[in-house]
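Hello,

Here is the structure for your files. My notes on it follow below.

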Amino acid sequence: MQAQQHILLIEDDEVDVMTVRRSLRDLGVEYPLDQVSDGEAGLAFLRDPANPRPGLILLDLNMPRMNGIEFLAVLKQDPLLKRIPVVVLTTSQEETDRMASFDQNVSGYMLKPVDYPQFVRTMQVIRDYWSTSEGAPN
């Protein structure tokens, strides 16, 4: 991921939003973080040419209006958006959610740990992978 690229967090739980922000700050991640609260807002953000194109989307699955699986189904059909890497960051341990996510070509499926130090380690894995990855062309 290039230094100028943003991360888009699609998450409706404010505590989880604060935890992601805090963990990225604690890890020294300097990528700007944009946040929206559901899939519909995520699509609107991505389709607005005034907004930056993210280099990575962190996606919760359990959200109101349009959940993460529904968001992925639309995103991956859009020729302008489908190559943006998506990592699911969720509490769902349901095998059906995991399989549905990978059916939509997500780049990763990470469970949100309750323990903050473990959450930071999870975010570190994401950071390390994306900071060394060439990524897909937009």
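**What was found**

The protein chain contains five helices and five strands. In sequence order the elements follow the pattern β-α-β-α-β-α-β-α-β-α. Please keep in mind that this is a predicted model.

On confidence: the protein chain has a mean pLDDT of 90, with 93% of its residues at 70 or more. Helix H2, residues 39–47, has the highest confidence, at 97, and helix H5, residues 116–132, has the lowest, at a mean of 90.

The C-alpha trace spans about 35 × 35 × 25 Å along its principal axes.

If you take the contacts between residues at least 6 apart in sequence, 67% of them join residues at least 24 apart.

Two residues are described individually.

The first topic is Glu 11, in the loop that runs between strand E1 (6–10) and helix H1 (14–26). Is Glu 11 buried or exposed? Its relative accessible area is 2%, so Glu 11 is buried, the cut-off being under 20%. Leaving aside residues up to four places away in sequence, Glu 11 touches Asp 16, Val 17, Gln 35, Val 36, Ser 37, Asp 60, Met 63 and Lys 112.

The other topic is Gln 124, which is part of helix H5. Gln 124 has a relative accessibility of 30% and therefore counts as partly exposed, a class that lies between the cut-offs of 20% and 50%. How far apart in space are Gln 124 and Asn 62? Their C-alpha atoms are separated by 23 Å, and in sequence the two residues are 62 residues apart. Helix H5, where Gln 124 is found, is also the helix given above with the lowest confidence, at a mean of 90.

Regards

Note on methods. Residues are numbered from 1 along each chain as its sequence is written. This is a predicted model: local features need pLDDT of at least 70, side-chain atom pairs count only at pLDDT 80 or more; totals for chains, interfaces and linings use all residues. Side-chain values use heavy atoms; hydrogens and water are left out. Helices (H or I, at least four residues) and strands (E, at least two) are DSSP runs, numbered from the N terminus. Contact means heavy atoms within 4.5 Å. pLDDT is the predictor's confidence in each residue, from 0 to 100. Buried means under 20% relative accessible area, exposed over 50%, partly exposed in between (1.4 Å probe, protein chains only).
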